[in-house]
Amino acid sequence: MEDSADDSVYVGNAGKDAALDRGWLLGHFKESGDPRHSDAVEIKWGVHPRGEERARWVRGEERTALLVLISGRFRVELPGRSVLLERQGDYVVWGRGADHSWRAEEESVVLTVRWPSTAGYAVDQTDQADQTDQARAGGESRRPV
């Protein structure tokens, strides 16, 4: 549903567009000239099957992040603290240096905003794909967090 009449405007669907780039809708990784390119902020539409988790903690985070629950039940693990998002609109913000991990306790949709948008961070795609396959098959991932 991209609007090509004006190169400074992009109209799309978060669910459809997110599937094209591991959930990311906006950030430095979009092509220069695309209205979704930004060095200031990253936005992700995350659709997570029940049981999917980030097995390895993000360590040494250099950005601030906001995670908002759209639907489902989603847990964010922070050092010494576990935050359960269970009502639509529940959110958590963590700052630079806050290590974190997460787990979808139910099928969940979350909107993540991170800033600034900086190159150099990438999820281990194999690890993430293995967990997604396990979660979709109804199996629980037993990897340590």
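**Entry 1: arginine 75**

I started with arginine 75 and found the residue in strand E4, which covers residues 74–78. I keep in mind that this is a predicted model.

Next I asked which residues arginine 75 contacts beyond its neighbours within four places in sequence. My list reads Ser82, Val83, Leu84, Ser101, Trp102, Arg103 and Glu105. I then looked up a polar contact. The side chain of arginine 75 makes one with the side chain of serine 82, at 2.8 Å.

I also checked a C-alpha separation. Arginine 75 and glutamate 106 lie 31 residues apart along the chain. Their C-alpha atoms are separated by 9.6 Å.

**Entry 2: E4 and its partner E5**

How many bridges link E4 and E5? I noted five, and the two strands pair in the antiparallel sense. Strand E5 spans residues 81–85.

I looked up two of the bridge partners. Phenylalanine 74 has leucine 85 as its partner in E5. Serine 82 was already in my notes, as the polar contact of the arginine 75 side chain.

Then I turned to the hairpin of E4 and E5. Two residues sit between the strands. Glycine 80 takes a positive phi there, near 75°.

**Entry 3: the sheet**

In what order do the strands of this sheet run? I wrote down E5-E4-E7. The sheet is open, has three strands, and its pairing is antiparallel.

**Entry 4: lysine 30**

I moved on to lysine 30. Lysine 30 is in the loop between strand E1 (24–26) and strand E2 (42–48).

Is lysine 30 buried or exposed? The relative accessible area is 11%. Buried means under 20%, so I recorded lysine 30 as buried.

Which residues does lysine 30 touch, not counting those up to four places away in sequence? I listed Asp21, Trp24, Leu25, Arg36 and His37. One of them, aspartate 21, also has a polar contact with lysine 30. That contact joins the two side chains at 3.2 Å.

Notes: Residues are numbered from 1 along each chain as its sequence is written. This is a predicted model: local features need pLDDT of at least 70, side-chain atom pairs count only at pLDDT 80 or more; totals for chains, interfaces and linings use all residues. Side-chain values use heavy atoms; hydrogens and water are left out. Helices (H or I, at least four residues) and strands (E, at least two) are DSSP runs, numbered from the N terminus. Contact means heavy atoms within 4.5 Å. A polar contact is a pair of N or O atoms within 3.5 Å; within protein, one must be able to donate a hydrogen and the other to accept it, and residues adjacent in sequence count only if both atoms are side-chain atoms. Buried means under 20% relative accessible area, exposed over 50%, partly exposed in between (1.4 Å probe, protein chains only). Two strands pair if DSSP finds at least two bridges between them.
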